[in-house]
Amino acid sequence: MKHGQISTKELADFVRERAAIEENYAKAMVKLSKMATNGTQLGTFAPLWEVFRISSDKLALCHLELMKKLHDLIKEISRYGEEQGRVHKKSKEEVAGTLEAVQLLHGVAQLLPKSKESYHSKCQEYERLRKEGTSQKEIDKVTAPGVPVTPCPGWSLGGPWVVPGWSLGGWCRLCCPRWSRSPLQWCPRGGSCSSSLVVLEPPCMRFQEVEEAHLRHMKGLIGSYSHSVEDTHVQIGQVHEEFKQNVENIGTEMLLRRFAESKGTGRERPGALDFDEYRLAPAQEGPKRSRSKAFRIPGLSRKERERDAV
């Protein structure tokens, strides 16, 4: 269960790092879009820069949307981590008695090697005194009073050290009095019966239930992460397909026509131009003198006399 909490934290850190990568990628795509916008608009290639700009903007939006989804997933993982902590705390309180029993078992296990050596030495001393014909009174002084020094059934001096089974419990009760106070119950057939480890079995099952629920929830979170990334990849694929189609639709002839339309003077052919001959401006004459007419009496001039005569 402790490893489960660590895994939850590490998963949140992983998703957070992926969200940061998506954010940086979106910013880079926005920068690339501005670069396409600032492309030269003077040549025939100018309309294609608009295709690049639109594609870059859409890709930036796709990655920003994925970043938002990942941040929502991080919040969900954090909520699960808090819930997981409460479940673990409750489980520890439920198995507090088992913890005490396990600690007692560990203490007994540490005494077993010394008890075995003591048992061996007493058995050897018993055999030596018996062969020498020592009296029973002297033998009783060497061995523990009231405890017959005989090998446990199924375990012989110098034979294999058998851990499972009732022989271990019987021997420990002879050599280690603390064993009799242990609340653990062992199966006489070495763990093949249904009553083996009556104290340890329920906590282990409880831990397994908690861990199974943890793994199911973690797989669900990973599924949400996978679906978010998959949806974004589908959108990116659509943007790339649209970009490819737009480039194919803009042919060479269309680029040349657009350039001609933007730089041309019109669609109608101009008519013939009339030749306008150059004309010289008349030379300017000097100022004329104004002559005042002399006073004449009508009928007395020379011309008038001649006209009258005719």
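Predicted model: local features only at pLDDT ≥ 70, side-chain atom pairs only at ≥ 80, totals over all residues.
**Overall fold**

Let us begin with the chain as a whole. The protein chain has eight helices and zero strands, and reading along the sequence gives the pattern α-α-α-α-α-α-α-α. The chain counts 310 residues, and 24% of them are buried. Its accessible surface comes to about 23,500 Å², with 56% of that area belonging to carbon and sulfur atoms. Among contacts with a separation of 6 or more, 74% are between residues 24 or more positions apart.

**Aromatic pairs**

Next come the rings. A pair of aromatic rings is described by the distance of the centres and the angle of the planes. The protein chain has four aromatic pairs, and two of them are set out here.

| Pair | Centre distance | Plane angle | Geometry |
|---|---|---|---|
| Phe 14 and Tyr 225 | 6.1 Å | 65° | edge-to-face |
| Phe 52 and Phe 243 | 5.1 Å | 55° | tilted |

Why is the pair of Phe 14 and Tyr 225 edge-to-face? Its planes stand at 65°, and the edge-to-face class takes angles over 60 degrees. This pair links distant parts of the chain, with Phe 14 in helix α1 (residues 2-37) and Tyr 225 in helix α6 (residues 201-249), 211 residues apart. Tyr 225 has a relative accessibility of 17% and therefore counts as buried, since the limit for buried is under 20%.

The pair of Phe 52 and Phe 243 is tilted because its planes meet at 55°. Phe 52 lies in helix α2 and Phe 243 in helix α6, so this pair ties together parts that are 191 residues apart in sequence.

**Lys 58 on helix α2**

Helix α2 (residues 46-94) also holds Lys 58. Lys 58 has a relative accessibility of 29% and counts as partly exposed. Which residues does Lys 58 touch, leaving aside those up to four places away in sequence? They are Val 239 and Glu 242. Lys 58 and His 240 are 182 residues apart in sequence, yet their C-alpha atoms are 9.7 Å apart in space.

**His 88 on helix α2**

His 88 is found in helix α2 as well. At 4% relative accessibility, His 88 counts as buried. Beyond residues up to four places away in sequence, His 88 touches Met 1, Gln 5 and Val 210.

**The largest pocket**

Finally, we turn to empty space. Rolling a probe the size of a water molecule over the atoms shows where empty space is left. The largest pocket has a volume of about 300 Å³. It is lined by 12 residues, and the closest to its centre are Met 1, Lys 92, Val 95, Leu 99 and Phe 207.

Which helix gives the largest share of the lining? That is α3, with four residues. Helices α3 (96-131) and α6 each supply at least two residues of the lining. By class, the lining holds nine nonpolar, one polar and two charged residues.

Key. Residues numbered from 1 in each chain as written. Heavy atoms only, no water. Buried < 20%, exposed > 50% of the residue type's maximum accessible area, 1.4 Å probe, protein only. Contact = heavy atoms within 4.5 Å. Areas by Shrake-Rupley, 256 points an atom, 1.4 Å probe, with all protein chains shown as cover. Phe/Tyr/Trp six-rings, centres within 6.5 Å; stacked < 30°, edge-to-face > 60°. 1 Å grid on protein atoms, 1.4 Å probe; cavity = no way out; pocket = protein on both sides within 12 Å on 5 of 7 lines; lining within 4 Å. Points joined across faces, edges and corners; volume = space filled by probe spheres on them. Nonpolar A, V, L, I, M, F, W, Y, C, P; charged D, E, K, R; others polar.
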